[in-house]
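I opened this model to see how its parts are laid out. My notes follow in the order I looked things up.

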Amino acid sequence: MARKSLGFVPLIWACPSCGTQNPGPIKTCTSCGAPQPEDVQFLRVGEEEFNFIKDEALIRMAKAGPDIHCPWCGTRNPSTAAVCSNCGGELSQGGKPRQSGQKVQSAAEAAAQPQAPLPPQQAQPLPPASAAQPAKPVNKKTIIIGVVVIAVLCLAGILLVSWLNKTDTIQATVTDVYWERSVGIEEYQEVTASDWCDELPSDAEVLSYSQKYRYTSDSPAANATEVCGEEYVVDTGTGIGEVVQDCVYEVYADYCQYSAWEWVALSPMTVSGRDLSPYWPTFSLSDTQRETGTAEEYVITLTGDGEQYTYTTDDPDLFLQAEPGSVWEVTVNKLNQVRELIPYN
Ligand SMILES: [Zn+2]
Ligand SMILES: [Zn+2]
C-alpha cells in the first residue's frame with residue numbers, strides 16, 4: 001500500500017506542568033516556560049481548527065526529517081542543526097531523533113485512552129520486574145495425557161488400515177460381462193474466445209476489446225484507478241503533522257475477444273457390448289479431424305457366497321477369459337472391493 005501525502009498540518013502538545021496546549025514547533029511552554037519533555041506526544045488540533053499549512057518554510061522543516069533531542073540538555077533541535085540551540089552541545093554526539101511516522105491522535109482520543117502517559121508528577125512507579133508473574137508452566141500431566149491420546153489415535157489408525165487391507169479369497173461365478181472401447185477425435189476449428197490482449201495465441205484475430213480490471217498494485221501504475229482509505233495524520237517528528245492516505249491502484253488492461261484456429265475435442269467414437277467380442281469403433285475422419293488416443297474398459301460381474309462382486313480392468317486378455325458361468329478365485333478386502341481375480345482351475 002502506498003502512503004499518499006495530502007499536506008501538512010500544525011500539531012499541538014500539552015504542557016505537563018500547567019496543561020497549556022502549545023503549538024508543536026514551540027519547544028517551551030508559552031504559559032509557564034517549562035521545557036517540552038522528551039517523550040511528549042504531539043496531538044491533532046480540533047476539527048474546527050484543522051487547516052493545511054501554506055508556509056513553505058514550515059513545510060520544508062517538516063520534510064527535513066524528525067527533530068533531534070540534544071544529548072546534553074534534551075532540547076529539541078531541527079534535524080538540520082549541528083549544535084543545540086539551548087546549550088550549544090554537539091548534536092552528533094549521541095543526539096536522538098524523535099520518533100516519527102506514527103499516527104497522531106486528537107486531544108479527545110488521547111484523553112479517552114486509559115494508557116495515555118500521565119504527567120510525570122502523577123506517574124505511578126512501575127512494580128519491580130521481579131513482582132511480575134512468571135509464565136505458568138504447562139502441567140506435566142497434560143503433556144502425558146496428550147502424548148497418550150496421540151499414541152492411541154496412531155495405533156487405531158494403523159489397526160484400521162491393516163484391517164482394511166485384510167483380504168478373503170472366495171470362489172465366484174461370472175454372471176455378466178460388459179466392455180466399452182472409444183477413440184478420441186479432434187477437429188481443427190475456428191473458435192472465438194477472450195483473453196488479455198497481450199496473451200493471445202500468435203494467429204489470433206482480434207474482434208473487439210475493452211478495458212477490464214486486471215490486478216491491484218501497491219504503487220502507482222499506468223492505466224490505474226487510485227483507491228484510497230481514510231485520511232489520517234502522522235507525526236513527522238517536528239511538531240508538524242503530515243496528512244496521509246493509504247492507497248492502492250487498480251490496474252486495468254485491454255481484454256480481447258478474438259478468433260483463432262484450434263484443435264477442438266469432439267465427442268469420442270464409442271462402442272460397447274455385453275459379450276466377449278470387443279472391437280474398436282470404425283469411422284472415417286475428414287481432412288480437418290485427427291485421432292487423439294484410445295480408451296478401453298472391461299467390467300466383470302461375479303456372484304459367490306450370496307454376494308455380487310464387480311471388477312473393472314483395462315486388461316483385454318483377462319476379460320476374454322471371463323466366460324459367463326466360469327468359476328474364479330476372487331480376492332476381496334473388508335469393504336468387498338475386488339483386489340484380484342484369477343481364473344479357477
Ligand atoms: Zn506550561
Ligand atoms: Zn542542549
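Entry: I started at Ile-68, which stands opposite Pro-97 in strand 6. This is a predicted model, so I read every value as computed. Ile-68 belongs to a pairing of strand 4 (residues 68–69) with strand 6, which run antiparallel and are joined by two bridges.

**Entry: overall form.** Next I stepped back to the whole chain. I count four helices and 15 strands in the protein. I looked up the radius of gyration and found 41 Å. A compact globule of 345 residues would be near 20 Å. The C-alpha atoms fill a box of roughly 110 × 70 × 40 Å along the principal axes. Burial comes to 16% of the 345 residues. I also checked the contacts between residues at least 6 apart in sequence: 69% of them join residues at least 24 apart.

**Entry: domains.** How far apart are the centres of domain 1 and domain 2? Over C-alpha atoms, 85 Å separate them. The assignment puts domain 1 at 2–118 and domain 2 at 167–183 + 270–343.

**Entry: helix 3.** I looked at helix 3 (residues 140–165), which has 26 residues. From its first C-alpha to its last it reaches 38 Å, close to the 38 Å expected at 1.5 Å a residue.

**Entry: the cores.** Which residues have the most contacts inside the largest nonpolar core? They are Ile-300, Leu-302, Tyr-309, Trp-328 and Val-330, in a core of 14 residues. Strand 7 (167–196), strand 12 (289–304), strand 13 (307–313) and strand 14 (327–333) each give two or more residues to this core. A second, separate core has 12 residues, including Phe-8, Val-9, Phe-42 and Val-104. In soluble globular proteins, nonpolar side chains tend to be buried together.

Leaving aside neighbours within four places in sequence, Tyr-309 is in contact with Ala-172, Leu-302, Val-330, Val-332, Asn-336 and Val-338.

**Entry: two hairpins.** Strand 12 and strand 13 run antiparallel and are joined by seven bridges. Within this pairing I found Tyr-298 opposite Thr-313 in strand 13. The two strands form a hairpin with two residues between them. Asp-305 sits in the turn. Its phi is positive, about 55°, although Asp-305 is not a glycine. Is Asp-305 buried or exposed? I note it as exposed, because 11 other C-beta atoms lie within 10 Å and the cut-off for exposed is 12 or fewer.

Strand 14 and strand 15 (residues 338–343) also run antiparallel, with five bridges. Trp-328, listed above for the largest core, stands opposite Pro-343 in strand 15. Four residues lie between the strands of this hairpin. In its turn, Asn-336 has a positive phi of about 65°. Asn-336 was also on the contact list of Tyr-309.

**Entry: a loop residue.** I checked Asn-223 for its backbone. Asn-223 has a positive phi of about 55° and is not a glycine. I located Asn-223 in the loop between strand 8 (205–217) and strand 9 (224–228). Asn-223 is exposed, with 12 other C-beta atoms within 10 Å.

**Entry: Trp-263.** My last stop was Trp-263 in strand 11 (residues 240–273). What does Trp-263 touch, not counting residues up to four places away in sequence? I found Glu-186 and Tyr-188. I also looked up Val-191, which is 72 residues from Trp-263 along the chain. The C-alpha atoms of Trp-263 and Val-191 are separated by 9.3 Å. Trp-263 counts as partly exposed, with 14 C-beta neighbours inside 10 Å.

Notes
Residues numbered from 1 in each chain as written. Chains lettered and ligands numbered in written order. Predicted model: local features only at pLDDT ≥ 70, side-chain atom pairs only at ≥ 80, totals over all residues. Rg over C-alpha atoms; globule rule 2.2 N^0.38 Å. Buried ≥ 20, exposed ≤ 12 C-beta atoms within 10 Å, placed from the backbone. Contact = placed C-beta atoms within 7 Å. Domains from an automatic or database assignment. Core = buried A, V, L, I, M, F, W, Y, C linked by C-beta atoms within 7 Å. Pairing = 2+ DSSP bridges. Expected span 1.5 Å × (residues − 1).
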